[in-house]
Amino acid sequence: MDAEILHVLGARPNFPKAAPVIRALDALAIPGLTQQIVHTGQHYDALMSDVFFADLGLPEPVANLGVGSGSHGKQTGALLAGLEDLIAERRPELVLVYGDVNSTLAAALVCSKMGVPFGHVEAGLRSFDRTMPEEINRIVTDSLADLLFATSPEAIGLLGQEGISPDKVHLVGNPMIDSLFAALPKLDAAAMRARFSLPERYGVATLHRPGNVDDVASARELVEAVNEVSRMLPIVLPLHPRGRATLAEAGLVATPDLQIVDPLGYLDFMSLVRGAALVLTDSGGVQEETTALKVPCLTARPNTERPITTTHGTNKLVTPATMVAAAKEALSAEAEWPPEGPPLWDGQAGPRIAHVLKRWLAARH
């Protein structure tokens, strides 16, 4: 067999999902199989991508398309053109896409039109909110994929309701949690406390969703809530470039209780989260990571495509109006969390995906 698997990665949430799959495929040592990474450059800042390659031990990409930022249409158009040329040149046996970013959607469209099989890692997540661009990306990608790797049981049911053949769908667990568990020995919360002069009890916040940071009025309510929570315990906020100006206009400023810092690398950020007493976020991945670490998480969104983090984890959906009360409850000694985490979030999702791919490749050859 002479075959190449191409991993298309575009933004920082993709990297910890791909790393365990790449490692597991390497470990199988399938004769004639090679793997390559394509970095689309959707996240192009060194703090948003390059440091993740180093922290996760990912190999250098075979290509970096350097599409950069822009509107959804312009960014997706640039991705379509760049990926079409690259896939036409390399003709991989299979393309793997991850998550729900625009790079994922573009690769799905290109592969489908060019007749190149592709698999979707993290299939079947739904928020049922089509105002979220990621929801559109998820629906379209899953409808076109040849292989769908689901992180939770409810995802299997949702894909079935959408008419996707069960033969294509595999419940494998969550490869992002594989990366987290593999990194645990390297996580050093004490070092991060020292770096940011934090006490034992502190919080972490992340804000970047369009619904939270694109409108000053909406952002102002959220900023006021975060500021009030910061008066309960000091908070570190690594701030994504997206929405920085809007949040500043809405009143987000550094205070003795709220440190606003540049985005952190994977190991630094997860070290900070691991030691936190509370996390405020609007990120999908952070909902999962806090669940695995059993760190209380308040998600400032009206919905989540990861409901298993609220039923089997430490996550709770909040609004700006309910965030402060929810924070007090989460920080109280009486707060309780489910004793068992989500099924198959055991650090073995990468090997499960690799074995599915091995069988799929064998059937083709």
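This is a predicted model: local features need pLDDT of at least 70, side-chain atom pairs count only at pLDDT 80 or more; totals for chains, interfaces and linings use all residues.
I take buried to mean under 20% relative accessible area, exposed over 50%, and partly exposed in between (1.4 Å probe, protein chains only).

**Entry 1. Ground rules.** Residues are numbered from 1 along each chain as its sequence is written, and side-chain values use heavy atoms, with hydrogens and water left out.

**Entry 2. Whole chain.** I looked up the secondary structure and found 16 helices and 13 strands. Both are DSSP runs numbered from the N terminus: helices are H or I with at least four residues, strands are E with at least two. Along the principal axes, the C-alpha atoms fill a box of roughly 60 × 45 × 40 Å.

I then looked up burial: 57% of the 365 residues are buried. The accessible surface is about 14,500 Å², and carbon and sulfur atoms hold 53% of that surface. These areas come from the Shrake-Rupley method with a 1.4 Å probe, and for residues only the protein chains shown count as cover. For contacts (heavy atoms within 4.5 Å), I took residues at least 6 apart in sequence; 69% of those contacts join residues at least 24 apart.

**Entry 3. Aromatic rings around F15.** I count rings of Phe, Tyr and Trp (its six-membered ring) as paired if their centres lie within 6.5 Å; planes under 30 degrees apart are stacked, over 60 edge-to-face, and the rest tilted. The count comes to 3 aromatic pairs. F15 and F52 make a tilted pair, with 5.9 Å between centres and 55° between planes. F15 sits in helix α1 (residues 14-28) and F52 in helix α2 (residues 46-56), so this pair ties together parts 37 residues apart in sequence. The relative accessible area is 0% for F15, which is buried, and 3% for F52, also buried.

F15 forms a tilted pair with F53 as well, at 5.1 Å centre to centre and 50° between the planes. F53 is again in α2 and F15 in α1, so the parts tied together are 38 residues apart. F15 and F53 are both buried. Ring pairs link F15, F52, F53 and Y266 into a cluster.

**Entry 4. Salt bridges.** My criterion is a side-chain nitrogen of Lys or Arg within 4 Å of a carboxyl oxygen of Asp or Glu. The count is 18 salt bridges. D268 pairs with R195, the closest N and O atoms being 2.9 Å apart. D268 lies in helix α12 (residues 266-274) and R195 in helix α8 (residues 189-195), so the bridge ties together parts that are 73 residues apart in sequence. D268 is partly exposed at 29% relative accessibility, and R195 is partly exposed at 47%.

E288 pairs with R306, also with the closest N and O atoms 2.9 Å apart. E288 is in helix α13 (residues 284-293) and R306 is in the loop between β12 (297-300) and α14 (308-311), 18 residues apart. Are these two buried or exposed? E288 is buried at 1% relative accessibility, and R306 is buried at 4%.

E305 and R301 meet in a salt bridge at 2.4 Å, N to O, and both are buried. Salt bridges that share partners join K17, D100, E122, E135, R138, E288, R301, E305 and R306 into one network.

**Entry 5. Positive phi.** E122 has phi near 90°, a positive value in a residue other than glycine. E122 lies in strand β5 and is buried, with a relative accessible area of 3%. K294, also not a glycine, has a positive phi near 60°. K294 is in the loop between α13 and β12 and is partly exposed at 46%.

**Entry 6. Helix α6.** Which residues of α6 (residues 153-161) are buried? I noted A155, L158 and L159. They cover an arc of only 100° around the axis, which puts them on the same side of α6. The arc is that of the directions from the helix axis to the C-beta atoms. The buried residues of α6 pack against β5 (118-123), α5 (133-144), β6 (147-150) and β7 (169-171). After α6 comes G163, with a positive phi near 85°.
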